[in-house]
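Student: I am new to this structure. Could we go through it with a few questions?

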Amino acid sequence: MTRRARARLAVAAVCAGAVLTACGDGEPAPDDLDATETRGQELVAAHGCISCHSADGTDRVGPSFAGQWGTERRLEDGSVVVFDAEHVESNLADPQSRVREDYGARMPAFDDLSDEEVEAITAYLRALGE
């Protein structure tokens, strides 16, 4: 098992309670999500994203996913990006390239996700943010 796989497994194991909690207030009910968005929700839970990011507006180690779609964020280098599909894809593959100034560099890379998985996660985050 690679170091990255062990780290992901540890995050998932330690944060199982947070994943279950994330299905509460502020998150679209399962019947409000289409099939792709539901798949994204499942992937976010399976990869432990909810251990650091909430779906209900509560900030954790990282920012909440709720209400973020289309908003601007300032990065450590002073640049400003929009939380959109391009940002999500880039951040999943190489989060250290777009470090938010108010959260620091803590997110691991998820560069092994398929295009379909990235698309599903993106659809879910868009559903939380619109």
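**Helix, core and pairs**

Tutor: In helix 5, the buried residues are E117, V118, A120, I121, T122, A123, Y124, L125, L128 and G129. Buried means under 20% relative accessible area, exposed over 50%, and partly exposed in between, with a 1.4 Å probe and protein chains only. Helices (H or I, at least four residues) and strands (E, at least two) are DSSP runs, numbered from the N terminus. This is a predicted model, in which local features need pLDDT of at least 70 and side-chain atom pairs count only at pLDDT 80 or more, while totals for chains, interfaces and linings use all residues. Residues are numbered from 1 along each chain as its sequence is written, and side-chain values use heavy atoms, with hydrogens and water left out.

Student: Which helices do the buried residues of helix 5 pack against?

Tutor: Contact means heavy atoms within 4.5 Å. The buried residues of helix 5 pack against helix 3 (35-46) and helix 4 (85-93).

Student: What is V44 in contact with, leaving aside its neighbours within four places in sequence?

Tutor: V44 is among the core residues that touch the most other members. Its contacts, with those neighbours left aside, are C49, I50, F65, I121 and Y124.

Student: How many disulfides does a search of the whole structure find?

Tutor: A disulfide is a pair of cysteine sulfur atoms within 2.5 Å. The closest cysteine sulfur to that of C49 is in C52, 8.5 Å away, which is too far for a bond. C49 is buried at 13% relative accessible area, whereas C52 is partly exposed at 28%. The search of the whole structure gives 0 disulfides.

Student: Which residues form an aromatic pair?

Tutor: Rings of Phe, Tyr and Trp (its six-membered ring) pair if their centres lie within 6.5 Å; planes under 30 degrees apart count as stacked, over 60 as edge-to-face and the rest as tilted. The count comes to 1 aromatic pair. The pair is edge-to-face, at 5.8 Å centre to centre and 80° between the planes, and its members are W69 and F83.

Definitions and conventions: A nonpolar core is a set of buried Ala, Val, Leu, Ile, Met, Phe, Trp, Tyr and Cys residues joined through side-chain atoms within 4.5 Å.
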